[in-house]
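Welcome! Please take a look at the sequence and the 3D structure shown here, and keep both at hand as you read.

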Amino acid sequence: MQRFEDRVALVTGAASGIGRATAGRLASEGAKIVCVDRDEAANQGVADEIVAGGHAAVARPCDLLDTEAIATTVGAAAAEWGRLDVICNIAGIGHFALDEDETLEAWNQVIGVNLTGTYLVSRAALPHLLAGGGVIVNTSSSSATAGAPWSSAYSASKGAVIALTQTMAVTYGQRGVRVNCIAPGGVDTPIVEQFGLPEGDAVDLSLMSRIMPVDRMARPDEVAAAFAFLASDDASYCNGIVLRVDGGMQA
């Protein structure tokens, strides 16, 4: 399939995990890829891999906590090939913490990357998407719609991404821009390493059952396939939806 021929896709979090898999998947279907990540070396490596595979890609380093850098990065991405058609907001961070131990700094970092970063990338891209029609696909989580232990910041950020997605879908749907989001369950990616168990007698490990997959963790390419679907014309009548990719975790 070449569903993205002549289209330009910007993917945040492209250096690893779901972002890397999504950048590769969209490239394999003809998209020109702008890889965005704060890990400059790994991000460049992903772009180089895509180019080595016979596709088009560039790497743009960006920290989603840097408001000015986001605007500059999106503007440069649009200038690279003269357009933007697809935005995949995949970059994310998280951690476990008991609320009585959570710091405001850690809370703000999670909200800043997962929610505010998603919003600012989308906002900066909107003029380009509105010019020719386009698609935004955001990343929520199974923890946004079912309580997950020790995850107040992460769950709050991902729940807000759903609200943001639906609001922008209603606002811009009549103007040719679709906005949807993916809600993965457990995925075998480096972000898992960020979620070290909190310490203390108050930590009840039986709560882990609430976030355990039914069968196995998802592979990044399985989630990337969902991003490719929602970003493509095959999903032309999907707007404002939350697509769960969780192996039945919340069935």
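The report below moves from the ground rules to the cores, a helix pair, the cysteines and some individual residues.

## Ground rules

This is a predicted model, so to speak of local features a pLDDT of at least 70 is needed, and side-chain atom pairs count only at pLDDT 80 or more, while totals for chains, interfaces and linings use all residues. Residues are numbered from 1 along each chain as its sequence is written, and side-chain values use heavy atoms, with hydrogens and water left out.

A residue is buried under 20% relative accessible area, exposed over 50%, and partly exposed in between, using a 1.4 Å probe and protein chains only. Contact, or touching, means heavy atoms within 4.5 Å.

## Two nonpolar cores

A nonpolar core is a set of buried Ala, Val, Leu, Ile, Met, Phe, Trp, Tyr and Cys residues joined through side-chain atoms within 4.5 Å. The largest one here has 33 residues, and L26 and I33 touch the most other members. Two or more residues each come from β1, α1 (17-28), β2 (32-37), α2 (40-52), β3 (57-61), β4 (86-88), β5 and α6. The largest share, six residues, belongs to α6.

Now follow α3 (residues 67-81) and α4 (residues 104-132). Their axes come within 9 Å and cross at roughly 35 degrees. Such axes are lines fitted to C-alpha atoms, for helices over the stretch in contact, and the angles run from 0 to 180 degrees between N-to-C directions.

Which residues of α3 and α4 meet? On the α3 side they are T67, I70, A71, V74 and A78, and on the α4 side G117, L120, V121, A124, A125 and H128. The residues of this contact divide into eight nonpolar, three polar and no charged. Here Ala, Val, Leu, Ile, Met, Phe, Trp, Tyr, Cys and Pro count as nonpolar, Asp, Glu, Lys and Arg as charged, and the others, Gly among them, as polar.

## Cysteines without a bridge

How many disulfides are found in the whole structure? The search finds zero, a disulfide being a pair of cysteine sulfur atoms within 2.5 Å. For C181, the nearest cysteine sulfur is that of C238, 12 Å away. C181 is buried, at 0% relative accessibility, and C238 is buried too, with a relative accessible area of 19%.

Two residues other than glycine have a positive phi: D6, near 70 degrees, and W150, near 60 degrees. D6 lies in the segment before β1 (8-12) and is exposed at 51% relative accessibility. Is W150 buried or exposed? W150, in the loop between β5 (134-139) and α5 (152-172), counts as buried because its relative accessibility is 9%.

Finally, visit V214, in the loop between β6 (177-184) and α6 (220-231). V214 is exposed, with a relative accessible area of 61%. V214 and M249 are 35 residues apart along the chain, and their C-alpha atoms are separated by 5.6 Å. Not counting residues up to four places away in sequence, V214 touches G247, G248 and M249.

How values were computed: Helix = DSSP H or I, 4+ residues; strand = E, 2+ residues; numbered from the N terminus.
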